[in-house]
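Okay, thanks for coming, everyone. Let me put the structure up and talk you through it.

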Amino acid sequence: MTDAELLDFLQGRYPFGDLSGTWLRPLPSSYTHRFWRLQTPDRDFVIKEYFPGLESNPLYPTLPEEEATALMLLERHQLAPRLESFLTSPAGTPLVVYGYERGDEAEIDVRDAAKLIGQFAALNLKPEGLMEVPAGYHQVLAHGDAILNEIPNCRRAANLKRLRPQESAVENTASVERRLIHRSLCLGTVQMTAAGPTLIDWQYAGLGDPVEDIACFLSPGLLTLYGLKPLVLYAEDLFLESYPDRNIVARFFEERPAYHWRLAAYCLFRQETLTHVNAPASRAYARALEEEVDLLLRLRSR
């Protein structure tokens, strides 16, 4: 679908109306979506076209319905932009459209991000219909094992298994209370609007443990995949000091290695499976893997 075809498709549809004189600008595509920004005199809109066939990803299944549900739920709390439309394109692909009044483009401070994410976690939302994701140290480790089992002939998987955190390092976490989590939070998923910062990119949302959102926000590999630099230790400390729920932070310190080890397993899986179909993406996941492994080694030495 070309830019002109998309603009013609949106013409006259709610909430756009007459789009004469508006500016549709393609944004950098991700591994799972194409993006456009549509600027009108009153509002900005982001249009996301979902690539097909990504529903079975072992860690991040791409589910447009999850994003639509989360946007509808969180907009009333001023934590996400407004879901404007959930459409099917002429090509048969899902389109999620969210809108907001233009705000300051300055990057959000990590302390403000911590308060925003903590505010979201404190709502303790449990919407029906969202997928349950592994929650707690032991389930996350088992999930990492399952991801590595999907690449049984990968020699580097054996090296990564040597970095696997010990089961006995943390007591039983089977009783973790699940709630809505984002699962890929980082500075790249914070959108500045006229009403303040909001959280975007909810396509991986699920019911899990808020510890995962902290681990994602501080993940050097995830930041690398978003085209951002890993946080320096000072910024990481500021984030954790500013996060309001100290019990969640305490559990994060205890369970953190499991989340980073699973993400490393996922990056290796993606590197291996994308080598012959998307070499640039494979190399990006290889760089993210290096970042996560370096972090795991640093955590071991503490």
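Start with Ile47, which sits opposite Val97 in strand E5. Strand here means a DSSP run of E with at least two residues, while a helix is a run of H or I with at least four, both numbered from the N terminus. To count as paired, two strands need at least two DSSP bridges between them.

Quick caveat before I go on: this is a predicted model, so local features need pLDDT of at least 70 and side-chain atom pairs need 80 or more, though totals for chains, interfaces and linings use all residues. Numbering runs from 1 along each chain as its sequence is written, and side-chain values use heavy atoms, leaving out hydrogens and water.

Now zoom out to the sheet. We have five strands in an open sheet, ordered E1-E2-E3-E5-E4, with antiparallel pairing. E1 (23-27) and E4 (82-88) are at the edges with a single partner strand each, so one side of each has no neighbour in the sheet. From one strand to the next, the twist averages 20 degrees. Then there's helix H2, residues 64-75, which packs on the sheet and touches E3, E4 and E5; its direction makes about 155 degrees with that of E4. Those angles run from 0 to 180 degrees between N-to-C directions, using axes fitted to C-alpha atoms, for helices over the stretch in contact. Contact means heavy atoms within 4.5 Å.

What about the whole chain? It has ten helices and nine strands. Buried residues are 55% of the 302, where buried is under 20% relative accessible area, exposed is over 50%, and partly exposed is in between, with a 1.4 Å probe and protein chains only. Of the contacts with a separation of 6 or more, 70% are between residues 24 or more positions apart. Along its principal axes, the C-alpha trace spans about 60 × 45 × 35 Å.

Last thing, for anyone thinking about cysteines: how many disulfides are there? The count is zero, taking a disulfide as two cysteine sulfur atoms within 2.5 Å. Cys154 has its closest cysteine sulfur in Cys267, 13 Å away, which is too far for a bond. Cys154 is also buried, at 9% relative accessibility. Cys186 is in no disulfide either, with the nearest cysteine sulfur, in Cys216, 8.8 Å away. And Cys186 is buried too, at 0% relative accessible area.
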